[in-house]
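Please look over the sequence and the model first, and then read on.

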Amino acid sequence: YPRTKGFIATVQHLRRAPHIKAVYDLTIFYRRGSEFQEAPTMWDTLSVPRLSEEAGFQFHVHARRFPIESLPHTDAELASWLEQRWIEKGEWLEAQRQNCLAS
């Protein structure tokens, strides 16, 4: 579940920084063969130099950019906005899982 209080405090602070133009939403999923969300172990990441080629991992990143001025201004609206992004992430991950099962 998203940490709304920390997100709200961060966004409200970043609004005052003139060089901050956007908030980025990144969703990452792993795949290894037919295994969805099969993350490499810490040992794999340290000992296998090319995880994709040698261990068969695939890494997928879904990135979205939200201009900071487009975000809601009140704390309650920001919390709702973040919760909606969290729901969308879950839906996107489920769609990717279904695609993995179908392929």
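The sections below go from the overall fold to a few individual residues.

## Overall fold

The model described here is predicted. The secondary structure of the protein consists of four helices and three strands, and, read from the N terminus, these elements follow one another in the order α-β-β-α-α-β-α. The radius of gyration is 17 Å, well over the 13 Å that the globule rule gives for 103 residues, so the protein is more spread out than a compact globule. Along the principal axes, the C-alpha trace spans about 45 × 30 × 20 Å.

How much of the chain is buried, and how far apart in sequence are the residues that meet? Of the 103 residues, 31% count as buried, while residues 24 or more positions apart account for 71% of the contacts that have a separation of 6 or more.

## Surface and charge

The accessible surface of the protein amounts to about 7100 Å², and carbon and sulfur atoms contribute 57% of that area. As for charge, there are 13 positive and 13 negative side chains, with the centres of the two sets lying 6 Å apart.

Helix α1 covers residues 4-14 and includes Q12. Once residues up to four places away in sequence are set aside, Q12 touches H73, T74, D75 and L78.

R16 is found in the loop between α1 and β1, the latter being residues 22-32. With a relative accessibility of 61%, R16 counts as exposed, because the cut-off for that class is over 50%.

Strand β3 runs over residues 57-67, and F66 lies within it. Is F66 buried or exposed? At 15% relative accessibility F66 counts as buried, since this value is under the 20% cut-off. Leaving out residues up to four places away in sequence, F66 touches K21, A22, V23, D25, L71, W81 and R85. A22 is 44 residues away from F66 along the chain, yet the C-alpha atoms of the two are separated by 5.3 Å.

P72 sits in the loop between β3 and α4, and this residue is also buried, with a relative accessible area of 18%. Apart from residues up to four places away in sequence, the residues touched by P72 are R15, E77, L78 and W81. A contrasting picture comes from P72 and Q58, which are 14 residues apart in sequence but 35 Å apart in space, taken from C-alpha to C-alpha.

## Helix α4

Helix α4 extends over residues 75-102 and holds Q96. A relative accessibility of 17% places Q96 among the buried residues, because it falls under the 20% limit. When neighbours within four places in sequence are left aside, Q96 is in contact with F29 and F36.

Conventions
Residues are numbered from 1 along each chain as its sequence is written. This is a predicted model: local features need pLDDT of at least 70, side-chain atom pairs count only at pLDDT 80 or more; totals for chains, interfaces and linings use all residues. Side-chain values use heavy atoms; hydrogens and water are left out. Helices (H or I, at least four residues) and strands (E, at least two) are DSSP runs, numbered from the N terminus. The radius of gyration is taken over C-alpha atoms; the globule rule is 2.2 Å times the number of residues to the power 0.38. Buried means under 20% relative accessible area, exposed over 50%, partly exposed in between (1.4 Å probe, protein chains only). Contact means heavy atoms within 4.5 Å. Accessible areas come from the Shrake-Rupley method with a 1.4 Å probe; for residues, only the protein chains shown count as cover. Lys and Arg count as positive and Asp and Glu as negative; His and the chain ends are not counted. The place of a charge is taken as NZ of Lys, CZ of Arg, CG of Asp or CD of Glu.
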